[in-house]
Amino acid sequence: MLFLQYIRTSFLFHFLLPGRCHCGNVLIWPAEYSHLMSLKWITEELIARGHRATLLVLSASDQQAINTSSGLQIEIVNVKFTARELQDVWEKFLWFWMYERHQISYLKIYSTLKMLSRNVTYIHKQICNGILGNKEMLAKLRLSSFDVLLSDPALPCGELLAQKLNIPFVYTLRFSAGFVLERLCGKSPTPPSFVPAATSELQEQMSFLERAQNVMLYVVHDVIQLLVWKEWDYYYSSVLGRPTSLCEVMGKAEIWLIRTYWDFEYPRPTLPNFEFVGGLHCTPAKPLPEEMEKIMQDSGDHGVVVFSLGSMVKNMSYERSNIIAAALSQLPQKVIWRYTGKRPDALGENTFMFEWIPQNDLLGHPKTKAFITHGGTNGIYEAIYHAVPMVGIPLFGDQPDNIVHMKTKGMAVMLDFNKMVTQDLVDAVNTVINNPTYKENALRISSIHHDQPIKPLDRAVFWIEFVMRHKGAKHLRPASHELTWYQYHCLDVIGFLLACMLTIIYIFVKVSTLCCRMCRRSRKKQKTQ
């Protein structure tokens, strides 16, 4: 009996816990704010499966206090700027995008964006230099024998570090502007006839004028990006010691983990090394802190509205915060508002402000009726997971697109942050709560999200482990990476066929002309005779 029990135990150990038998070593390139949170969930799952993980954290990051109790190793990347300087760059960008750009000319917008872009590029290069210029750090990382590097391409140089360490790398991202990275670097097919460009705020069903707008936006995105990339092309070439480009190096990614899914995305063609893992961070709701649970229970039949504009918004203008507070005070629901800043005068007794909230757990509470959000991907998916209708107030980046997707699917109402007045917000919240179609659509989309053969987090971790087991995923890499842009679009073939057609037409015309001349001469001779 003891022998049979030993065999049974061994079988369970070897076959039910395979990750613990083939442990890998994962390096994570730094990212900030919500980007880091997405990497965090994957990292924790990898560690839970027995893998080792090392996170590179900036010396200037305000997120160094990351939980390391689970065995996550931290390596500090020293940079030549402070956390305050890094915060200032993002605050200036947010202030410009939220307020200033609506009050200045297009020329001023262009010059300001150019200046802000220059500041961001400077910060990014300092980060790259902090690791790639540190020979001791590189030597230490080489000795660690990493199997894979996990990176978010929002911050350059993760792929460059992977090249220097000679290890495969995997991307995790929401999208790039105009799908530039996915299209130009990942070679993902994106037909502009029915795939709205990222940041276009267009829907999948487009009129002729909208398709024309979409094509032009793709072109504009490509031109802007290629101009920005020139500086990075020189940098990547100097680091690797050979002529290359940022896009060529990024195109070597083994797997692209896209942080959306078909509950959110419009249908479009994909490649086998693109995997959609939206909502990988979502979990069933946990018990709330005592203070918040009391608010929930005191809300009665009206319930609670959860309100958050994300972790990056810390400098909302006093005027805007009062407009929002006045609207919230008119709601019959209790409101839990994540907010940092001066307390608005118009704040009602039904509104409770917190510097931090357990957003996923609040959205999963049965008393939650609606979610007012800026439209960050993490928050969107928590609302989808728990089937909570939304009022979207997008601010920048992917947020307008995210809310448009949810509006198209009947799960959200969209407002303009700078144009909305108090009554607009009141009406929007009342609409998503009192109109049953929003809740019905939320339940339908949530059902689609939950009806997957493999959970998004398990799928993401599987592909990372796959890359570790097979030292890459070259068999999933399309041959389009080896083609030039004109070969990819078959312009050389089209040119050749046009040349053949023109040659045939030319010969036909010449032969016809010659035949006509001979006929005319023959007739003249007959008349003469």
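Colleague: Over how many bridges do strand β6 and β7 pair, and in which sense?
Modeller: Strand β6, residues 255–258, pairs with β7 over three bridges, in the parallel sense. Strands (E, at least two residues) and helices (H or I, at least four) are DSSP runs numbered from the N terminus, and two strands pair if DSSP finds at least two bridges between them.

Colleague: What is the bridge partner of Ile-258 in β7?
Modeller: Phe-276 in β7 is the bridge partner of Ile-258.

Colleague: Before I go on, what kind of model is this?
Modeller: This is a predicted model, in which local features need pLDDT of at least 70, side-chain atom pairs count only at pLDDT 80 or more, and totals for chains, interfaces and linings use all residues. Residues are numbered from 1 along each chain as its sequence is written, and side-chain values use heavy atoms, with hydrogens and water left out.

Colleague: What is the mean pLDDT of the protein chain?
Modeller: The mean is 85 for the protein chain, and 89% of its residues reach 70 or more. pLDDT is the predictor's confidence in each residue, from 0 to 100.

Colleague: Where does pLDDT stay under 50?
Modeller: Over residues 1–21. The model has nine contacts (heavy atoms within 4.5 Å) beyond four places in sequence for that stretch.

Colleague: Back to strands. What is the order in the open sheet of seven strands?
Modeller: The order is β3-β2-β1-β4-β5-β6-β7, and the pairing is parallel. At the edges are β3 (73–77) and β7 (274–276), each of which pairs on one side only. From one strand to the next the twist averages 20°. Helix α6, residues 158–165, packs on this sheet and touches β1 (25–28), β2 (52–58), β4 (148–151) and β5 (169–173). The direction of α6 makes about 170° with that of β4. Angles run from 0 to 180 degrees between N-to-C directions, and axes are lines fitted to C-alpha atoms, for helices over the stretch in contact.

Colleague: And which strands form the open sheet of six?
Modeller: They run in the order β10-β9-β8-β11-β12-β13, with parallel pairing. The edge strands here are β10 and β13 (412–414), and each pairs on one side only. The twist in this sheet averages 15° from one strand to the next.

Colleague: Which residue stands opposite Val-306, and which opposite Trp-337?
Modeller: Val-306 has Ile-336 in β9 opposite, and Trp-337 has Met-353 in β10 opposite. Strand β8 (residues 304–308) pairs with strand β9 (residues 334–338) over five bridges, in the parallel sense. β9 also pairs with strand β10 (residues 351–354), over four bridges and in the parallel sense. Further along, strand β12 (residues 390–392) and β13 pair in the parallel sense over three bridges, with Met-390 opposite Ala-412.

Colleague: New topic. How many disulfides does the count come to?
Modeller: Two disulfides, where a disulfide is a pair of cysteine sulfur atoms within 2.5 Å. One of them joins Cys-128 to Cys-157, with 2.0 Å from S to S. The torsion about that S-S bond is about 105°, so the disulfide of Cys-128 and Cys-157 is right-handed. Cys-128 lies in helix α4 (residues 106–132) and Cys-157 in the loop between β4 and α6, so the pair ties together parts 29 residues apart in sequence.

Colleague: Last one. At what angle do the axes of α13 and α16 cross?
Modeller: The axes of helix α13 (residues 377–386) and helix α16 (residues 436–450) cross at roughly 95° and come within 7 Å. That makes α13 roughly perpendicular to α16, a label for angles of 65 to 115 degrees, with under 35 roughly parallel, over 145 roughly antiparallel and the rest oblique.

Colleague: Which residues of α13 and α16 meet?
Modeller: From α13, Tyr-381, Ile-384, Tyr-385 and His-386 meet Lys-439, Ile-445, Ser-446, His-449 and His-450 of α16.
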